[in-house]
Amino acid sequence: IFIYGVALIYGATGTTSLPGVVAAAEGGASTLLVAGAAMMLVGFCFKIAAAPFHMWTPDVYEGAPTIVTAFMSVGAKVGGFAALLRILMVALPTLGETWATAISFLAALTLIVGNLLAIAQPNIKRMLGYSSIAHAGYILIAVSASFSNPDGISAALFYMFAYTFTTLGAFAVVVAVERKEGEGVMLEDYKGLAKRYPWIAACMTVFMLSLTGVPPTGGFAAKFFVFDTAIEAGLVWLVLIGVMTSVISAYYYLRVVFYMYMYEGEGEMVMKPSLVSAVVIAAVATLLLGILPGTWFDLARQAVIQSVQAVAGG
């Protein structure tokens with residue numbers, strides 16, 4: 001579907017160069033161009049696991065080795081969003097109003113589906129799979145806002161940066177708790193973790209709070225920037241859905257914390273030096289992004305400016 005969309009855009013503009021597509025579309029968007037853009041959006045939504053193209057995510061997250069799942073949850077999603085942002089803002093700015101409306105509804109649906117279905121998951125990898133879907137919805141809020149608020153892309157980049165450290169840290173803990181492949185991945189396996197490995201439990205708590213959006217974590221700062229840019233863009237209804245689904249997400253994220261601190265449990269963890277380093281670095285970065293968000297947001301804004309200038313010049 002994605003490739004067919006690219007072919008239709010080429011048919012409408014006669015080029016695959018991003019600046020060339022912009023120049024060809026300046027006279028107005030043809031039906032062929034709109035159809036190609038819509039098919040490309042479907043392809044990107046599948047890539048970033050946005051509803052209703054999300055069905056593959058929880059099954060793949062559960063079935064793949066946890067290290068591979070960790071890479072997919074960050075690498076595939078961030079890469080997909082990076083490509084989506086460049087196509088939307090650089091190649092197809094003339095379709096801004098059409099994009100904004102479609103992405104707003106996709107964001108709302110993704111937030112609702114991801115957060116509600118995560119509640120019922122007893123497997124932490126499946127739970128993080130639905131969590132990944134939900135966070136795609138928060139980033140889509142910033143993408144939708146970017147058509148009328150220039151800081152929308154910066155907010156999306158900051159969110160992806162915070163999400164990367166938080167999610168990799170959480171999966172590093174999952175790898176440690178998973179004694180053998182497919183074992184130790186249920187939520188009940190986290191019972192009593194705080195008494196056996198207090199510092200691991202503390203780091204996991206930081207990651208769960210960040211995914212929920214509780215200060216002073218990077219997840220809170222990321223959601224603040226996303227909601228702020230969306231309000232300035234007039235998407236108050238979408239922000240309300242984002243806030244309500246964030247409250248819902250607190251249930252399944254804090255359930256992990258509850259199991260770690262409020263239950264007795266037995267079991268061992270596999271703590272290799274590489275895992276220890278990953279958990280510590282991710283936890284420190286998650287806290288730094290929450291304590292000093294302004295500096296990192298300014299870097300995201302500069303990255304956006306340089307990226308647009310580079311593509312426009314090419």
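Reader: Where is the place of Pro52?

Author: In this predicted model, Pro52 sits in the loop between α3 (31-48) and α4 (56-63); helices are DSSP runs (H or I, at least four residues), numbered from the N terminus. Residues are numbered from 1 along each chain as its sequence is written. Local features need pLDDT of at least 70, side-chain atom pairs count only at pLDDT 80 or more, totals for chains, interfaces and linings use all residues, and side-chain values use heavy atoms, with hydrogens and water left out.

Reader: Which peptide bond is cis, with omega near 5°?

Author: Most residues other than glycine have a negative phi, and most peptide bonds are trans. Here the bond from Ala51 to Pro52 is cis. Another cis bond joins Pro215 and Pro216, with omega about 0°; Pro216 lies in the loop between α10 (198-212) and α11 (218-232).

Reader: What is the phi of Ala49?

Author: Ala49, although not a glycine, has a positive phi of about 65°. Ala49 also belongs to the loop between α3 and α4. Is Ala49 buried or exposed? Its relative accessibility is 2%, so Ala49 counts as buried (under 20% relative accessible area; exposed is over 50%, partly exposed in between; 1.4 Å probe, protein chains only).

Notes:
Helices (H or I, at least four residues) and strands (E, at least two) are DSSP runs, numbered from the N terminus.
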